[in-house]
Structure formats: structure tokens, C-alpha cells
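Please keep the sequence and the 3D view at hand while reading.

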Amino acid sequence: DLSDTTATLLGHFVLSTWFADCLSTAPQMLVLGPQEEATILLQLLAVTCRRALLLSDVSIATWSSLPTSLRPTLIINARRLRASTLDFLQASSVRHQYVVRKGQLLDLFGAKVIYERTPSGARSLIESAICVTLTPARDRLPVVSDQDREQIPNALQRKLLLYRLMNYNKVRESQFDVPQFTAAVRTRARILGACVVDDTNLQSRLVSVLRGQDDEARITRSFSLESVLVEALLFLCHDDVNRASASVGDIAKVMNTILKGRGEPLELEPRKVGDVLRALQFFPIRQSSAARGISLLVAERRRIHLLARDYDVPAIHDGVVGCLQCAEAEISQVGDGSVP
């Protein structure tokens, strides 16, 4: 009962676990859906992924006691992950990034599959992991018997090990990339695509499958406060080409209008907008006794336009006739190859 998209992602993920030790970012999969179906899927992954360990829960204490030097694939079937565990999961996804515990440096890098019976909805996990969603099975659920647990590894793992031995250097040196994807989905594509050696058709199919996740990532990003702020600043640049500054209150009004138009009930206060401005390296200064704001002179307008390009704000693609910064942003897009 798996969809073609889900089956494709699962197959690519299993293959990637056999090369996790030579990838710059560890493969990480988040499984969503009914518990019974997820349990069977995790059991199947446990006999196909490289050096898999199926765990009922995980904490940093138990994790640090595992044979992490062997780079096992952790398959976690947890009720709900603790916030501290989520932090360690993120840290263990980057090569050569260590975790300090009790005065020791721990290298926890490795592939992971995560299923939470009570989803925490952690944004960092959803954005960084390869997500697959299971639906309720239409027919009777299969049973993964002890015989299956022996036959499946015997049939597949020898072939996967041979594939690893023959192609390890090619995967390690792979230049596969999909630069038009958003950063998180681009990373997933590079991980999965690098492990497919000498098969451009499979790589092309993978790109088609991930395109849907890239579309979702762009929609999610358009609702982020940083993206909405950049969109508001771009509007203020174009609304009045002679405007020399904008108050934090004016920026907040434009942001709230944008959010309202997208059906988002959030109402931003100027103080919160000030925090987002500072996060993007815009530092409001006092303009009057009652207001703070930022400059909209040429240098700031140029940076706003470049940020609008980086955040893929729709208005930057349309441009405004006579806006020098729009023309500059369009030229830089072509120059860095970000326009397909």
C-alpha cells in the first residue's frame, strides 16, 4: 500500500545508509502515519539498512553507550522524543561535529530513522529530514516473521555490501547536485543522488520525486517571519523610491497585511519585528522620540533586493521598471546560475 513516491524515497534511503560514513550529511528519515503500519516499516528497514539497530527509545545516555564507531543506522520507534534528544539528533547529522558529554567528545554521526508515536512536530526535524507519510493499509497488514528477518538480509545485504565495495569511491567523490532546490531539499537530493552510481535515469526520477518536497519547503519558507520581513521591506522600497527610511511600526503593518492575506492570524508587534530585523543584520536606530527605524538608502535597498532573491520572494522575479536594484538582482541571479 505504499505510494510510488514513498517507495522510491525509502529505496533511496536504504541505499544511502550503506554510504553514510562517506557523506557530508548523514541520511535522516522521519516517518509519519499510523503506528501499526509504521512498526512494520521500521522492522523492514531494520533488515535492509546497514548495521541497523531498532530502538524503542533513545536518550543521549543510551546513545553514547552504543558502538557509534561502527556508524550504525539508528531506527527509533519512540513515544515522543525529548527536546534534548532532538538537539543531539541535529548535531549528529553533520560530519566532524562533536557532542560534549561528561568531559568527552562524542562523534555520533550516522544515519537515522525516526518515528514518534506522539509526534512532537519539531520544526527542525521536519525541515532537515527526508519525510515519508504512511496511510492506513487497505488490506490485512503483513507480518514480518523470524524467517523473513533471516531471508531478507541474506538476499539483499550481500548485494548491498558488494555494491558499497565497488562504488564507495564514486559515491564519496560524487558531484551530483540540484542547485535549483531550496537548501534543505538540495541537501537531501545530494545525499540520495550521490549513492546512485552510473544511472542518470534513477537520479532524474529522484529529482522528480523530491520536487514536491521542494515546493512544500518554498511554501513553508514564505510563511517564515524572515521571508515575510524581506517581502515587506521590498514592498516599502518599491512603494516610494524616494523613501529614505522606514519605521519599525510601518514595517510591522506591512508584514501583518501580508500575513493576513495568506490567512495567517498572527499579529506582530513592533518589538517582535525589531528582533527579526536584528536577526537579518538590520539594526533599528532612533528616528524620533517615539519611533525606531532603518535606513532605506542605496546600500540598504541593494541588500534588501539580494535578500529577496535569496528568500525567493515572488515580487523580485517580476521586478519594477526603473528600479536599479531589481536589475542588479536579476543580473546576479543569472550570474550565479540560480535561474534554471
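## Surroundings of Val113

When neighbours within four places in sequence are set aside, Val113 is in contact with Phe13, Met29, Val31, Leu42, Leu45, Leu74, Ile75 and Ile76. The model is a predicted one, and the contacts described here are to be read with that in mind. Met29, one of the contacts of Val113, also stands opposite Val113, which lies in strand 6.

## The largest nonpolar core

Which residues touch the most other members of the largest nonpolar core? Among its 38 residues, these are Leu9, Met29, Val31, Leu45 and Val113. At least two residues of this core come from each of helix 1 (4-17), strand 1, helix 2 (35-46), strand 6, strand 7, helix 6 (146-172), helix 7 (183-194) and helix 8 (200-222). Helix 1 provides the largest share, namely five residues. Apart from this core lies another one, made up of 30 residues, including Cys237, Ile258, Leu259 and Val313.

Thr8 also has its place in helix 1. Is Thr8 buried or exposed? Thr8 counts as buried because its relative accessibility is 9%, which is under the 20% that sets the limit for buried residues. With neighbours within four places in sequence left aside, Thr8 is in contact with Arg205 and Val209.

## Strand pairing

Strand 1 (residues 28-32) is mostly covered, four of its five residues being buried. Strand 1 pairs with strand 6 and also with strand 7; in the latter pairing, Leu30 stands opposite Cys131. An open sheet of three strands, in which the pairing is antiparallel, has the order 8-10-9. Its edge strands are strand 8 (245-247) and strand 9 (285-286), each of which pairs on one side only.

| Strand | Partner strand | Sense | Bridges |
|---|---|---|---|
| Strand 1 | Strand 6 (residues 112-116) | parallel | four bridges |
| Strand 1 | Strand 7 (residues 130-133) | parallel | four bridges |
| Strand 8 | Strand 10 (residues 292-295) | antiparallel | three bridges |

## Helix 4 and its cover

In helix 4 (residues 83-91), the residues Thr85, Leu86, Phe88, Leu89 and Ala91 are buried. What covers the buried residues of helix 4? The cover includes strand 1, strand 3 (73-78), strand 4 (99-101) and strand 6, together with helix 3 (60-64) and helix 5 (123-128).

## The protein as a whole

In total, the protein has 14 helices and 10 strands, and its C-alpha atoms fill a box of roughly 75 × 50 × 40 Å, taken along the principal axes. Of its 340 residues, 43% count as buried. Among the contacts with a separation of 6 or more, 70% are accounted for by residues 24 or more positions apart. The protein exposes about 18100 Å², of which carbon and sulfur atoms supply 54%. As for its charges, the mean positions of the 40 positive and the 37 negative ones are 6 Å apart.

Conventions: Residues are numbered from 1 along each chain as its sequence is written. This is a predicted model: local features need pLDDT of at least 70, side-chain atom pairs count only at pLDDT 80 or more; totals for chains, interfaces and linings use all residues. Side-chain values use heavy atoms; hydrogens and water are left out. Buried means under 20% relative accessible area, exposed over 50%, partly exposed in between (1.4 Å probe, protein chains only). Contact means heavy atoms within 4.5 Å. Accessible areas come from the Shrake-Rupley method with a 1.4 Å probe; for residues, only the protein chains shown count as cover. Lys and Arg count as positive and Asp and Glu as negative; His and the chain ends are not counted. The place of a charge is taken as NZ of Lys, CZ of Arg, CG of Asp or CD of Glu. Two strands pair if DSSP finds at least two bridges between them. A nonpolar core is a set of buried Ala, Val, Leu, Ile, Met, Phe, Trp, Tyr and Cys residues joined through side-chain atoms within 4.5 Å.
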